[in-house]
Amino acid sequence: MAGEPGEAMAHSAFDTILVLDFGSQYTHLITRRLRELNIFSEMLPCTQKLSELKFTPKGIILSGGPYSVYEDGSPHVDPAVFDMNVPILGICYGMQELAYRLNPENVVAGTHREYGHAMLKARSIDDHVDRLFEGLEDSMRVWMSHGDKLVKLPDGFHTIASSDNSEYAAIGHATKPIYGLQFHPEVTHTQNGTALLRNFAVGICGCKQEWTMQKFLEEAISQIRHTVGDKGQVLAAVSGGVDSTVAAKLMKEAIGDRFWAVLVNNGVMRLNECDQVKKDLSEALGINLTVVDASEQFLEGLKGVTDPEKKRKFIGGKFIDVFEEEALKIEKAAESDPAKAGKIEFFMQGTLYPDVIESLSFKGPSATIKTHHNVGGLPARMMNGQGLKLIEPLRSLYKDEVRELGRALGIREELVMRHPFPGPGIAVRILGEVTPERVEIARQADHIFISEIRKAGLYDQISQAYAAVDPSRAVGVMGDKRVYGYIIILRAVTTTDYMTAEAFNFPWDFLQRVMNRIVNEVHGVCRVVYDVTSKPPGTIELE
């Protein structure tokens, strides 16, 4: 909550499995699988100092990674992990890290790499070691993705399972709850992978399966009231998207009319966006909403800016400037009402867990993908505790969990299932410089695209969709004349966690219909293309 990570409330209310990330593309899936089992899990970089943790995990999982543990510069876990007296599970690189720590000669480059499916053959050792595979078949298909391998069992360990290429595909310590897996239980390709993670988290770590959105709702309301106090007031950034709408409704439930929502018209909103948000939040949800028109300030500040990170940083900073000015106005207006009087000390954002993960950067295993406007774009004065204090009640949640929370709050399905809209808005859907002309083109094209998606009954099958503008002009022929117009890029993806995504497979006649409408109805456009790139290697937004 305020002044500390939003995960703090979850740690205090729910048993937590800590996942330490060594840079694997699958790491976030470990967290996802555990949460699907109603077990709270948090992912932190492998460089995390355990002495700096503000909670004690029930268990620790070391993820896979693209490195070799024996090479110079490879990432290694804080040795304090092994002194916490909690169960540990090493997966792929994480297993090799366990073995390497005990003896560097335990891990070598494999003669045969092992990628894809492999048959795992389990061995019965004793009840202590067997707990990881309790209730599972003696032989099952698993997903391997490694070049290095164990050539020796670490002292004190037994072999639990093997594959044709990996004699030590699963190992366990004889007396301590420490385990290693060469395969990836978190991916859907591994048979019984989720059951194996359940055996670790519930059977070995003793986690209670209490992570539900109804329980989270109760805890969140209690924590917000404790943090804000009896007189404190909260100002919130809202966009009309599901994240800020759910956060706003949550805050309204917690502190009533001491919560103020502000929508900034930054000049890069979608067609009729501000009017629709006002209707949804003010009229339908009873939230105090103020719409501030700052479009000229934003568009003026974006002149000449082409770098995506600079766009996000500017928009994030300008947002806070506008909100702080609005807070003073609201405070002054509320002074005449004793029931509402009180200083606005808190600024709420609808930051989600994927935003935090993608904005983290640490030495070694991963790098920043992009700075989210509500994570890395915040001015230093807010992060240093000066001015408004930051409160992020959804910071520990994935998108699908936010939607579950919205339903628990009674928000209607149309709003709960609304596609995400980035804080920087159309500015990051215009490649290069943002101009009023390009904003209008993006608005019109996007409106046509989304309208046709709704008309075709495809909206709820798609996780996010939009039309973007490529300022690189292309030659076309319209009305028997040569034209030189903009290119519209259509983007639509399906995903559950927004960490990975696949392009939606539209019928060909649908794309032709959308193309025909855009080139005929949007002035200045002569071509329409559809982006089929998955995430990774691409991101959902273009900038």
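Colleague: Which residues point one way from β11, and which the other way?

Modeller: In this predicted model, F259, A261, L263 and N265 point one way from β11. W260, V262 and V264 point the other way. In a regular strand the side chains alternate between the two faces of the sheet.

Colleague: What makes strand β11 largely enclosed?

Modeller: Burial along residues 259-265. Buried means under 20% relative accessible area. In β11, 7 of the 7 residues are buried, so the strand is largely enclosed by the rest of the structure.

Colleague: How do you know that β10 and β11 pair?

Modeller: Pairing takes at least two bridges. Strand β10, residues 233-237, is joined to β11 by 4 bridges, and the two run parallel. A236 has A261 of β11 as its bridge partner. Helix α7, residues 242-255, carries the chain from β10 to β11 in a right-handed β-α-β crossover.

Colleague: What pairs β11 with β12?

Modeller: The same test applies: at least two bridges. β11 and β12, residues 289-293, have 5 bridges, in the parallel sense. V262 is opposite T290 of β12. With helix α8, residues 273-284, β11 and β12 form a right-handed β-α-β unit.

Colleague: Why is Q233 called buried?

Modeller: The cut-off is under 20%. Q233 of strand β10 has 1% relative accessibility, so Q233 counts as buried.

Colleague: What makes the link between the side chains of Q233 and W260 a polar contact?

Modeller: Distance is one condition: the N or O atoms must lie within 3.5 Å. The Q233 and W260 side chains are joined at 2.5 Å. W260 is itself one of the buried residues of β11.

Methods:
Residues are numbered from 1 along each chain as its sequence is written. This is a predicted model: local features need pLDDT of at least 70, side-chain atom pairs count only at pLDDT 80 or more; totals for chains, interfaces and linings use all residues. Side-chain values use heavy atoms; hydrogens and water are left out. Buried means under 20% relative accessible area, exposed over 50%, partly exposed in between (1.4 Å probe, protein chains only). A crossover is right-handed if, with the strands pointing away from the viewer, the path from the first strand over the helix to the second runs clockwise. A polar contact is a pair of N or O atoms within 3.5 Å; within protein, one must be able to donate a hydrogen and the other to accept it, and residues adjacent in sequence count only if both atoms are side-chain atoms.
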